[in-house]
Amino acid sequence: MADTLQPLSEPSQSSSPTTVPRRHRIRWRLIGLLIGVAIIPLLVIEPLTLYLIGRQSQRQTVNQLESVVQLKQSQIERWLNDNLTALQVLAVEPLNTELQTLLANPAQAAAPLNQTFRSIVAAQSDSAASNLHYSLIFFYAPDGRILAASDDAQIGKTVRLQPYFEQSLIKPHTEPPYYGVGTSDLQVVVSYPLRDASGATIGVVAGQLNLQVLADIMLERSGLGESGETYLVSLESNYLLTPSRFPGNVMQQSYHSQGIDQSLAGQNGAAIYADYRSPPQQVVGVYRWVPQLEAGLLAEVDVDEAFAGSREVTNLSLITTLITAVLAAMIGLYAATNIAGPISALTAGARRIASGDLSVPVNVQGHDEISQLAHSFNTMTEQVRQNQSGLEQRVSERTAALEQTLQERSLLLKNLQDSTQAREQLETIIRGLSIPVVPVLEGILIMPLIGELDHQRAAAMTSAILAAIDTHRARVVIMDITGVPVIDTHTAQALIQTTRSIRLLGAQSILVGIRPEIAETIVSLGLHLKELEICADLQSGVRQAMRLNGSHGAVSTRSVN
Amino acid sequence: MRHRSIVRGLLALGLIVLTACGTGAAPTAVPTSTPLETSIQLSWLHSIEFAGIYAINHQNIGSQARMTLRIDGGGFDDKGQYINPVAQVVSGQADFGVAGADIVLRARAEGMPVVAIATIYQRSPVALISLKSANIQRPQDLAGKRIGIAPPGTTVYVSYQALLKAETIDTSGINEIAVLPENAVQDLFDNKIDALHAFITHEATQARAQRDDINVLLLSDYGIDLYSNVVFTTEKMIAENPAAVETFVKALSQGLQWSIDHPQEAAKQVVSDYGATMPPQLQALQEAGMLASVPLIKPAGSQPAMMSAKVWENTQQILLDQQLIAAPIDVTKAYDLSFINRAYGQ
């Protein structure tokens, strides 16, 4: 690229037939190209970056929610397992032995079954190592009748209609949360069957869990931000098992969302979806199926909060991109100007050459290819200019020679014209002399004709004789054709026409001097000259004229023309 | 709100005098391919108990099934006579009716061709409510107490008698007192009675709304579990227009499911549609009544409107024990599970 290269003068735009429209100028095209090269990658990279940022942010949020869900699920499972284990510990060792004895020999029992049961349960509950944290513990016979309970009011009731009854007789069982008839409370019942030595079920010890623990686990919001929550939804009617942290969402209502429905379909996953609230809020949610509770465990955080960090990064990225784009545009403009400037200078030089101006070279600085091109251009221009100078000298010489030749030819032409004019004057004189009209007597004119009488001469003859008649007031004209070598049809017709014209002026004409060979020709041609007064010779013609004129005037010697 | 037990008492009386055994006009047979116009006679005044039936109309379940359902409220007619759902259905005044399972069995025992096809409550809502000060925590505590009773012959009274028998309660010291339904809860509060026959969805809710010291002795906790509001029709309707029955039962199951999915909305709808027929204090109790109804409509692991053969057998046994029917009947003809099974694709 030229370091600096500027035209010494800007060519006239209007004078050049090859002015380039602005949009087609290489400068603007280069600017567009360079800006495009700079911005297009940004346009491609920026959305990709934003997508990746969003995805990364979502992944981070999901990972965080996954951790929370994992923690909560572990807490739930540990809570259930601890309680089941505690119940198992209670049932297998102290309770089973005592109850078997009591049931086998109730009469020999030191205390009623219920009393024994409650004392054992109390002792177990007081144990430091015990996890026996049931709100109600009871023991029922295989027919469902409650025989002992930590609450006296429960004794005598039957659990035969309860959903856990049949399973509880078979194996240790945890009944998922359900709303019991007559209460407004959710219930989770853990049961453990007691068997005798033969393996027969002698009863079931069961405990009703305190679901506040479950609610506490779910309402613990560490790692969930301001808008996050975890909650459980039951497969039974899609009711909430733990309270919503958002007011207005009662537990006993069927709730649906993508996360809820997916988890209750037994699936685990994460997604962005509209949550259960009314109106729904977009949340990032992680959901899991918790089989022990037949419930969906969900951890959700509002999208606005989840993506707040990524939005800042996104905004920063957008600002950076914008600044980069502006800088790229400025650099592109500078670069394009540096490249296009020398080319424009060369273009202007070429345009000056095209208009014939070879006097101004392109100012060249630098050592790059364009500078070398400009040098070559100037060299070429100088060569053209020199060639043009020699050509102009030769043209001047040739032009001078041509001008001299032209002057000579003009002189010759003038001479020729003068000669032609003189000849024409001479011909006029000769023509006048060839048609003499002589007034021989008063009222009588003689016109001797000598030589061939062509059409032009006939017309001149007619004009001359008519003019003479008028001038001399002649009454008779004698046309002497003694000197006419030949009479043809045309000549005869001319004579007849002249005679008619004479007659129109009130004069008469007499033809004389018909030689024998002429007469013979007239006859052979069948010419009719009856309109003419014909005399044999001039004398007889004069006499006839005098007769016709009736006068004896003197013969004039003056020739009229 | 009138006491539900009155319904049962009057219904029992109605059954005695009913003479239109199967002689009523046949229900209109409507194939499912054409729009179905049908009707149901409720067992009592409009209340949240029938929210699943109302939902058929206001949730457009019926219209989607091309079914137009007329819902006739129960209670008393202009002459003060109880509107007996069995009589209404048998006489062709309605295609379907609502009544207790014991009422259906007794009607069949008397030759009326009624068949239960679904139930609203799958668990008995019948309870004995008392103030905690009365210390009635178990049936045995009823001995020597003053009990505000439902009229004999009603489902509540039959259940109560079944409880006494099952728990071998000495009834000699029990003082049964007839109470006016509109005063029953207040009588309890005023210590005029020690316990009161009640529905947990109605009187128990009403009492709990006013005081916290309420004991509820649920009869189903002691194995007394009668269907209190089965939906029934006639054998003729089933024979001649099974498609209509199936359409209705499916719509009913959907309506019941909607009501438990949206208990608050269901309660508001009932108040909106029928609040004018209720005392103001009861309007506010519809939501609590609906929430109490949820475990009755859909016990854990079940589907709305389902019935159990075992409950029907137990009910007949209770009736036999109380000599409300003279001899066993073919109880399997008293109910038809096929429609509700088909509604769930079984």
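A cavity here is a set of points on a 1 Å grid over the protein atoms alone where a 1.4 Å probe fits but cannot get out, and its lining residues have an atom within 4 Å of a point. Grid points are joined across faces, edges and corners, and a volume is the space filled by probe spheres set on the points. Rolling a probe the size of a water molecule over the atoms shows where empty space is left.

This is a predicted model, in which local features need pLDDT of at least 70 and side-chain atom pairs count only at pLDDT 80 or more, while totals for chains, interfaces and linings use all residues. Residues are numbered from 1 along each chain as its sequence is written, chains are lettered from A and ligands numbered from 1 in the order in which they are written, and side-chain values use heavy atoms, with hydrogens and water left out.

Searching the whole structure gives six cavities of 30 Å³ or more. The largest cavity has a volume of about 140 Å³. Its lining consists of 14 residues, and those nearest the centre are A:Tyr178, A:Tyr179, A:Glu236, A:Tyr239 and B:Lys298. Secondary structure elements are DSSP runs numbered from the N terminus: helices (H or I) of at least four residues and strands (E) of at least two. Strand S3 (173–179) of chain A and helix H13 (286–297) of chain B each supply at least two residues of the lining of the largest cavity. The largest share, three residues, comes from S3(A). By residue class, the lining holds ten nonpolar, two polar and two charged residues; Ala, Val, Leu, Ile, Met, Phe, Trp, Tyr, Cys and Pro count as nonpolar, Asp, Glu, Lys and Arg as charged, and the others, Gly among them, as polar.

The next topic is the aromatic rings. A pair of aromatic rings is described by the distance of the centres and the angle of the planes. Rings of Phe, Tyr and Trp (its six-membered ring) pair if their centres lie within 6.5 Å, and planes under 30 degrees apart count as stacked, over 60 as edge-to-face and the rest as tilted. Over all chains this rule gives 13 aromatic pairs. One of them joins B:Trp44 and B:Phe76, edge-to-face, at 5.6 Å centre to centre with 80° between the planes. This pair links distant parts of the chain, 32 residues apart: B:Trp44 is in the loop between strand S1 (36–41) and helix H2 (51–58) of chain B, and B:Phe76 is in the loop between strand S2 (67–72) and helix H4 (85–90) of chain B. Relative accessible area (1.4 Å probe, protein chains only) sorts residues into buried, under 20%, exposed, over 50%, and partly exposed in between. B:Trp44 is buried at 1%, whereas B:Phe76 is partly exposed at 27%.

The rings of B:Tyr157 and B:Tyr160 have centres 5.7 Å apart and planes at 55°, so this pair is tilted. Both residues lie in helix H6 (residues 155–166) of chain B, three residues apart, about one turn of the helix, and both are buried. In chain A, one aromatic cluster is formed by A:Phe138, A:Tyr140, A:Tyr164 and A:Phe165.

A charge sits over a ring if NZ of Lys or CZ of Arg is within 6 Å of the ring centre and within 35 degrees of the ring normal. A:Arg277 lies over the face of A:Phe246, at 3.8 Å from the ring centre. A polar contact is a pair of N or O atoms within 3.5 Å; within protein, one must be able to donate a hydrogen and the other to accept it, and residues adjacent in sequence count only if both atoms are side-chain atoms. The side chain of A:Arg277 makes such a contact with that of A:Asp302, at 2.8 Å. A:Asp302 is in strand S9 of chain A and is buried, with a relative accessible area of 16%. In chain B, B:Glu203 belongs to helix H8 (residues 203–210). The side chain of B:Glu203 reaches the backbone nitrogen of B:Phe199 at 2.9 Å, and B:Glu203 is buried at 3% relative accessible area.

Backbone geometry comes last. Most residues other than glycine have a negative phi, and most peptide bonds are trans. The peptide bond from A:Ser278 to A:Pro279 is cis, with omega near 0°, and A:Pro279 is in the loop between strand S7 (269–274) and strand S8 (282–290) of chain A. A:Glu294 has a positive phi, near 45°, and is in the loop between S8 and strand S9 (295–302) of chain A. B:Asn135 also has a positive phi, near 55°, in the loop between strand S5 (126–131) and strand S6 (146–149) of chain B. A:Glu294 is partly exposed at 35%, and B:Asn135 is partly exposed at 46%.

How values were computed:
On a 1 Å grid over the protein atoms alone, a cavity is a set of points where a 1.4 Å probe fits but cannot get out, and a pocket is an open set with protein on both sides within 12 Å along at least five of seven lines; lining residues have an atom within 4 Å of a point.
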